[in-house]
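Biologist: I would like a close look at a single part of this model. Please keep to the geometry and give the cut-offs.

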Amino acid sequence: MNIERPAGTWLPATDSQVARQIAGRDWSATGLGPLETWPVSLRAVLSAMLTCPTPMYLAWGPDLVSFYNDAYRPILGYREAHALGCRFRDLWASIWDDIAPLVDGCLRGESQRMVDMRLDLSRKGAPEESYWTFTYSPVFDDGGRICGLLCVTNETTARILAERARAKADERLVLAMSAGNSIGIWDWDVIEDRVTSDNRFATLYGVDATVAAGGTSIGEFFKGIHPDDRARVETEIADTIRRVGSFGSEYRLLRADGTVCWVSAQGRCIPGPDGTCVRLPGVSHDITARKEAELKLRAAKEEREFVLEQIGHQRMLTDPREILHSASEALGRRLGVNRVGFYRLTGPDSICHEASWTDGTLKPLAGIQATNFYGDHADAERRAGRALIFGDSRQDAGGALAPYAADGVLAGICVPLLTDGHWAAGIYLHQAAVRNWSEPEITLTKEIVQQTWLAMERAEALRSLNRRVEEQEAALAQREIVLREEFERREAAERQLRQLQKMEAVGQLTGGIAHDFNNMLAVVISGLNLTQRQLARGNSDVGPYVEGALEGANRAAALTQRLLSFSRQQPLEPAVVDANGLLTGLSDMLSRSLGETVVLETRLQPDLWAVKVDRNQLENAIVNLAVNARDAMPDGGRVVLQTANAHLDGDQVRLSGMEPGDHVRIRVLDTGTGMTPEVLSKAFDPFFTTKPTGRGTGLGLSQVYGFIRQSGGHVAITSQVGQGTTVDLYLPRCLEGAVQAPHDQAADVPPGRPEDVILVAEDEDRVRSFTVSALQDLGYTVLEAASGPAALAILEARGDIRLLFTDVVMPQMTGSQLVEQAQAMRPGLAVLYTSGYTGKSLETEDRVRAGGNFLPKPFSFDQLARKIDEALSRPAAD
């Protein structure tokens, strides 16, 4: 045979499918590289392996890439499609835990040999029992280093299983020989073909006992075996003699009276000098009872599986006629009958055949038929709801079933189906020959019939339901069109209403702001104008005008803070606060402010939990609520400040949007006029007020609401006309210890030192000019920059700058970006932020909460002095 080498390769000239696969694959993208560059050592091993008829497997390189020869391919099973070039570990992942220690030892240079090792290769994708004798040998690269392993293997499963079976047979034979319930013992001289046995064995097989005692041929005993089993048993004995092994079989014996019994025979060959079988002794046991029980159990199991299969199949069908046809055919084939059909009553004395299956022996029944077509006896039985079962219609029921015989039906089972206790339909099984129906057949028929009837009723009910659903869906679709048109009209009207409400709210907001700011600006402008005129006349007594202007400016700043608080954009400086101490400190001031007609009470819970909140803002909120309470009591009354620890669960906080847990409740209660439900619903709206014009801005409660929500808490308000109002402030519990309230520093303006150099970064020229002038007036050395890049340039040039005072919102570079680069350049640099509005800058908010290094705009000279001194006194960050 002339075999050519694969074209263009160094592979050996061999008729190997694996060699052709190797040659036809592009290896360039793998770790091995192109085929022509493979090392000599790999070529040599592959060449030898591909021409070897013994199954061999090669794992090569750091990844243990898989190669094998044609003899190894059957071992791969379903893995063959992707095995070539696959990593060893991935290819045999299912048995890796078993072979990994062997692989590791081989790669250390220790050859491995395993004999009859059990491995579950699952070659067909399912678990299997297989045994293998194999070796793992290291293979070396061109430099003499171990670079893989070579496996030479052989399957020994057949031998192991044969030895196991032989051992079990020997064990059974020993047990049989020693058993006291054996029904016969034989000894067959194979060379002479002479079987000797005891009386029981001979009688059982129908052989004369005297003849059997003297010995007769094996063929005489074969005559007693059931004809259906005889050929099998003869083949099994011949195979036992050929193997010189053990014999074991179960088969039927046919007695002279025609009855059948089951026996279990076990024997064992005795070899002669030449190793061939010369004798075969053995025993037989009567296993008729066990075998009949097994057969009944098997039949019952098969019937149960058949019933379950039919139930599952019928559940998948939705057409009643299809259910009938399927069940009729399945039952007919299962029981081997000639015709199976279904009928339904169409009147008091008529039925209609709707489905019928036949094997061709009997014609199918169709159309309308009288209920007594098969006689009055059959009609009466079905009307009574009783199943009609007969094996010979010519003889059964005293000849009353003769109409069946006249129609060619000699045996049958007819099961009526009832609805509300009345005969409504039926299923029948017809046989053209006499038949003795067994109890299991009758039981199976009734069960399948009842299940089929239920499946039909379910299918018909489902079909009726689907029709009603389709009708309802059509009606709903039409209704949906009407509702959609109505919804679109309503939505258009609501959009117009929302737009009008928006415009009204914007008008109210801008009108309120304009009104208050005009009043405040009027004070500022008039104060400054009068100051300017007095100074022009040489009169320096301008203090009252300046104080008036400052008061107007401070009121404008407070209004701005209220707006920011309501929008939750106000920068806060939270600290751990003892609410009891705060209320105690406010009580004296409030007692004077509320007037003589208002009684102030404090009810403070001992051991009150601490909260983390902006102290000044909380004080303002409580003062604001107390003043509102006073205004709601024109004739006097009582204001109660109360604190309590409160644990809020999920039901209490679900609607408020709060997190469940521990909170501190601060309550402000009054005995004033109260609010109507309509007024209460607008209490937190901005610029909504019930006070006369000029008595309030309408931002009080909205400011409180915005501040508490910004602090992670919640505000609840209840009110009843004539009884008063209660406002509850809920703030989350803080586990840190409360700090002491800061002392009043209004009169303390700390001076600066020339050696403290401050860099001011502010893009607004006038604000920057005022800030620089104020700091210079305090005694500091001040540098200024109109942008972030300019400030960085100054920082790079001057190494003596101690503090960076920067606006948050600036063009080109924000204050946060400036601080980040500045502190990277100067790690010990102190920082103070300022801004009139930070928006939703979470970064700035985090810095403010973490360090308190923020001064909100507008700020006074005193506020600037104290904040700068505080920032310079704070320890430098690590």
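Across which strands does helix 6 lie, and at about what angle does helix 6 run to strand 3?

Modeller: This is a predicted model, in which local features need pLDDT of at least 70, side-chain atom pairs count only at pLDDT 80 or more, and totals for chains, interfaces and linings use all residues. Residues are numbered from 1 along each chain as its sequence is written, and side-chain values use heavy atoms, with hydrogens and water left out.

Helix 6 (residues 96-107) lies across strand 3, strand 4 and strand 5, and runs at about 170° to strand 3. Helices (H or I, at least four residues) and strands (E, at least two) are DSSP runs, numbered from the N terminus. Axes are lines fitted to C-alpha atoms, for helices over the stretch in contact, and angles run from 0 to 180 degrees between N-to-C directions.

These strands belong to an open sheet of five strands, in the order 2-1-5-4-3, with antiparallel pairing; two strands pair if DSSP finds at least two bridges between them. Strand 2 (65-68) and strand 3 (112-119) are at the edges with a single partner strand each, so one side of each has no neighbour in the sheet. On average, neighbouring strands are turned by 25° against each other, direction ignored.

Strand 1 (residues 56-60) and strand 5 (residues 146-155) pair in the antiparallel sense over five bridges, and Met56 stands opposite Val152 in strand 5. Helix 2 (residues 40-50) also packs on the sheet, touching (heavy atoms within 4.5 Å) strand 1, strand 2, strand 4 (130-140) and strand 5. The direction of helix 2 makes about 165° with that of strand 1.
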